[in-house]
Amino acid sequence: MSVNLVKLCVGADTVDDLLRWEQGHKTRTIHTRQTPKRAEELLDGGSLYWVIKGVILVRRPIAAIDTVEGDLPQCLITVSTEHILTEPQPRRPFQGWRYLEVKDSPRDLPQGAGGEALPADLIAALRDAGAW
């Protein structure tokens, strides 16, 4: 059974900010101090959900979890290059990361005809109109 992680994205105001930062740093690895105890479940189809400005907006599938021993042990969580936009889901502030059960995870946003996500303003208008 799969489980997900949720983590605050500090310093980004939008998903585009996160994408620019990741592109500039060319990284797919998230560094944490502790290895998740449920690593096996995370590797069974889990994703890392990013909270941006108090709202989950995007996820990245988890590809690998490695523990690096040393003076300061750390865990390296490698995520996919794919960014999947999700339905906005508010989250209260927290430190570190938290587990997110699949049943509690926000759904992925529908993709447009060309495979791209629908624009946020269109999603909001559809939701406001009761069509979503």
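Me: Let's start with helix α1: which of its residues are buried?
Reply: In this predicted model, the buried residues of α1, which spans residues 15–25, are V15, L18 and E22. Buried here means under 20% relative accessible area, exposed means over 50%, and partly exposed lies in between, using a 1.4 Å probe on protein chains only. Helices (H or I, at least four residues) and strands (E, at least two) are DSSP runs, numbered from the N terminus.

Me: And where do those buried residues sit, seen down the axis of α1?
Reply: They fall within an arc of 60°, so they line one face of the helix. The arc is that of the directions from the helix axis to the C-beta atoms.

Me: What's on the other side of α1?
Reply: There you find R20, Q23 and G24, which are exposed.

Me: Which strands do the buried residues of α1 pack against?
Reply: Against β3 (47–52), β4 (55–68) and β6. Contact means heavy atoms within 4.5 Å.

Me: Before we go on, how are residues numbered, and what does the model count?
Reply: Residues are numbered from 1 along each chain as its sequence is written, and since this is a predicted model, local features need pLDDT of at least 70 and side-chain atom pairs count only at pLDDT 80 or more, while totals for chains, interfaces and linings use all residues. Side-chain values use heavy atoms, with hydrogens and water left out.

Me: Good. Now I52: buried or exposed?
Reply: I52 is buried, with a relative accessible area of 1%. It lies in strand β3.

Me: What does I52 touch?
Reply: Not counting residues up to four places away in sequence, I52 touches C9, A12, D13, T14, V15, L18, L57 and V58. The C-alpha atoms of I52 and L18 are separated by 8.7 Å, and the two residues are 34 apart along the chain.

Me: What about K53, where does it lie?
Reply: K53 is in the loop between β3 and β4. K53 is exposed, at 60% relative accessible area.

Me: What phi does K53 have?
Reply: A positive one, about 55°, although K53 is not a glycine. Most residues other than glycine have a negative phi.

Me: Switching to N4: which strand is it in?
Reply: N4 is in β1, residues 3–8. At 4% relative accessibility, N4 counts as buried. The strand β1 is mostly covered, with five of its six residues buried.

Me: What does the side chain of N4 reach?
Reply: It reaches the backbone nitrogen of S47 at 2.8 Å. The N4 side chain also makes a polar contact with the side chain of S105, at 2.9 Å. A polar contact is a pair of N or O atoms within 3.5 Å; within protein, one must be able to donate a hydrogen and the other to accept it, and residues adjacent in sequence count only if both atoms are side-chain atoms.

Me: How many bridges join β1 to β7?
Reply: Five, and β1 and β7 (residues 97–101) run antiparallel. V3 stands opposite E101 in β7. Strands pair if DSSP finds at least two bridges between them.

Me: In what sense do β1 and β3 pair?
Reply: They pair in the parallel sense, over four bridges. The bridge partner of V6 in β3 is Y49.

Me: How much space lies in the largest pocket?
Reply: About 270 Å³. Of the 14 residues lining that pocket, the closest to its centre are C9, V10, L18, W21 and W50. On a 1 Å grid over the protein atoms alone, a pocket is an open set of points where a 1.4 Å probe fits, with protein on both sides within 12 Å along at least five of seven lines; lining residues have an atom within 4 Å of a point. Grid points are joined across faces, edges and corners, and the volume is the space filled by probe spheres set on the points.

Me: Which element gives the most to that lining?
Reply: α1, with four residues.
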